Amino acid sequence: MTQSLTRSLRRMTARAAVILAAGQGTRMKSPIPKVLHKVGGRSHLDRMIDTVQATGCERIVVVVGTHSPSVREAVEKRLGAAAVAVQTEPLGTAHAVLAAKDNLADFDGDVLITYADAPLLSATDLAPLFELRAKGVDLAMLTFEPADPLLYGRVIKGADGHVIRIVEARDATPEERAVKTCNAGMMAADRARLFGWLSQVGNDNAKGEYYLTDIVGIAVHEGGLVRAHSAPETAVMGCDTPAQLAQAEAIWQQRRRAHFLAEGVTMLAPETAHFSWDTEIEPGVTIEQFVVFGPGVKVESGAVIRAFSHLEGAVVRSGALVGPYARLRPGADIGPDAHIGNFVEVKNVTVGAGAKANHLSYLGDGSVGAGANIGAGTIFCNYDGFFKYRTEVGEYAFIGSNTALVAPVKVGAGAMTGSGSVITRDVPDDALALERSTQADKAGWARAFREKKSAEKAAAKKK
């Protein structure tokens with residue numbers, strides 16, 4: 001068999017991933033498990049699953065602890081119960097990976113080991129591990145050179161540049177602690193050899209734990225070839241504390257802003273725009289200062305999102321104007337050239353092309369036809385405390401200021417409502433709907449009232 005054919009066959013090797021998510025996360029000081037905290041609106045766990053799937057891993061096992069049932073629930077919801085492995089006791093990283101042995105008993109191929117709390121890690125960062133495996137490396141590992149090595153395990157290499165062992169900082173000599181190359185924790189190896197090495201790991205160390213890093217020395221002792229690929233520090237950074245979580249969020253947001261600017265999105269103050277993991281912004285969109293995009297937002301070319309607006313689960317069509325100070329909630333679909341103005345909230349409403357709601361209104365559960373005008377202070381009264389109901393406003397209808405539309409209700413095409421009306425019945429096309437008391441004027445009443453109250457106030461001061 002030729003060398004090139006051998007390499008081709010190795011490239012076709014099946015891939016699986018073991019994601020370690022059983023850590024206690026005590027330094028986060030939060031009731032939310034560490035791996036369920038979010039960067040860019042997506043949990044660390046979901047991000048890592050996305051990442052390993054992007055590397056071509058056809059099987060994924062997530063190792064969870066007994067202390068975090070919510071993590072197990074998240075894994076089962078995303079991948080199914082077969083993807084869960086439980087580490088019953090916190091006895092170290094090697095012990096955690098061994099918990100996945102039965103899940104992969106029928107798997108033949110390469111296994112990637114990674115951690116759930118590295119939200120900035122990408123498939124591009126991990127791909128070199130599989131490339132090393134395809135070149136005949138028995139154990140491929142990821143390293144990095146941090147600005148402050150501190151407590152990271154040091155990667156010790158031989159004269160030929162191959163890795164010969166990893167020394168945990170607590171167990172390292174002063175000479176070993178001077179090494180700049182540190183272990184990132186991500187590794188890849190053949191399943192059978194991997195679990196064979198893990199079975200030999202002991203716990204004779206400062207913490208009395210079973211270290212995953214010990215398999216490097218075991219592999220080398222058996223004649224295995226161990227090579228490392230270096231990744232940027234930001235790629236492998238963990239999020240063990242709220243401060244690190246904030247740092248990861250800042251790095252991720254900076255990357256997304258740079259991406260959208262490069263794609264032709266105009267941002268007047270990029271450092272104030274906040275995006276989510278799935279935000280879609282087409283070229284030609286303008287985003288003003290202090291705009292927040294929650295999950296599930298798509299904005300089409302030519303739209304303008306004005307300052308201090310918050311969007312989540314919404315679609316903004318081409319040429320639409322949103323804000324300033326607008327709030328779009330899930331289900332909002334703002335049509336081409338429509339206007340949603342200051343202090344207008346839209347939830348689960350389709351707004352037709354060219355329609356306008358420019359001031360101080362709540363539109364919830366319903367539809368607004370093309371060209372319709374929603375006056376200031378309009379409320380879609382969609383909830384009776386038990387159920388939600390729809391309000392439908394027809395094309396080119398005109399809703400007067402301070403109209404309360406009590407759902408379920410329809411306002412026909414071209415119809416109008418008088419300002420201050422409470423509309424409880426359907427309004428026919430082109431009709432005017434009025435609901436207000438007859439105005440009564442009492443001549444001189446206001447002057448008499450003022451004179452009476454002024455006299456009472458003067459009398460009170462004399463007492």
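In which strand is the place of His 310? His 310 sits in strand 18, which covers residues 310–311, where helices (H or I, at least four residues) and strands (E, at least two) are DSSP runs numbered from the N terminus.

Before going further, a word on what we are looking at. This is a predicted model, in which local features need pLDDT of at least 70 and side-chain atom pairs count only at pLDDT 80 or more, while totals for chains, interfaces and linings use all residues. Residues are numbered from 1 along each chain as its sequence is written, and side-chain values use heavy atoms, with hydrogens and water left out.

As for confidence, pLDDT is the predictor's own confidence in each residue, on a scale from 0 to 100; the chain has a mean of 94, and 97% of its residues reach 70 or more. The exception I would like to point out is residues 1–10, where pLDDT stays under 50 and for which the model has 7 contacts beyond four places in sequence, a contact being heavy atoms within 4.5 Å. Where pLDDT is low, the predicted coordinates should not be read in detail.

Back to His 310, then. Leaving aside residues up to four places away in sequence, His 310 touches Val 292, Ala 326, Arg 327 and Leu 328. With a relative accessible area of 31%, His 310 is partly exposed, given that buried means under 20%, exposed means over 50% and partly exposed lies in between, computed with a 1.4 Å probe on protein chains only. Thr 234, which is 76 residues away from His 310 in sequence, lies 29 Å from it in space, C-alpha to C-alpha.

Now the cysteines. How many disulfides does the count come to? The count is 0, taking a disulfide as a pair of cysteine sulfur atoms within 2.5 Å. Cys 57 is buried, at 8% relative accessible area, whereas Cys 381 is partly exposed, at 28%.

Next, Glu 176, which lies in helix 6, residues 174–177. Is Glu 176 buried or exposed? Glu 176 counts as buried, because its relative accessibility is 13%. Its side chain is joined to that of Arg 165 by a polar contact of 2.7 Å, meaning a pair of N or O atoms within 3.5 Å, where within protein one must be able to donate a hydrogen and the other to accept it, and where residues adjacent in sequence count only if both atoms are side-chain atoms. Apart from residues up to four places away in sequence, Glu 176 touches Arg 154, Ile 156, Arg 165, Val 167 and Asp 171.

Finally, the structure holds 20 salt bridges, each a side-chain nitrogen of Lys or Arg within 4 Å of a carboxyl oxygen of Asp or Glu. In one of them Arg 42 pairs with Asp 50, with the closest N and O atoms 2.7 Å apart; Arg 42 is buried at 14%, while Asp 50 is partly exposed at 27%. Arg 72 and Glu 76 meet at 3.1 Å, N to O, and both lie in helix 3 (residues 69–79), 4 residues apart, which is about one turn of the helix. Arg 390 and Glu 392 form another salt bridge, with closest N and O atoms 3.9 Å apart. I will close with the network of salt bridges that links Arg 27, Lys 34, Asp 117 and Asp 240.
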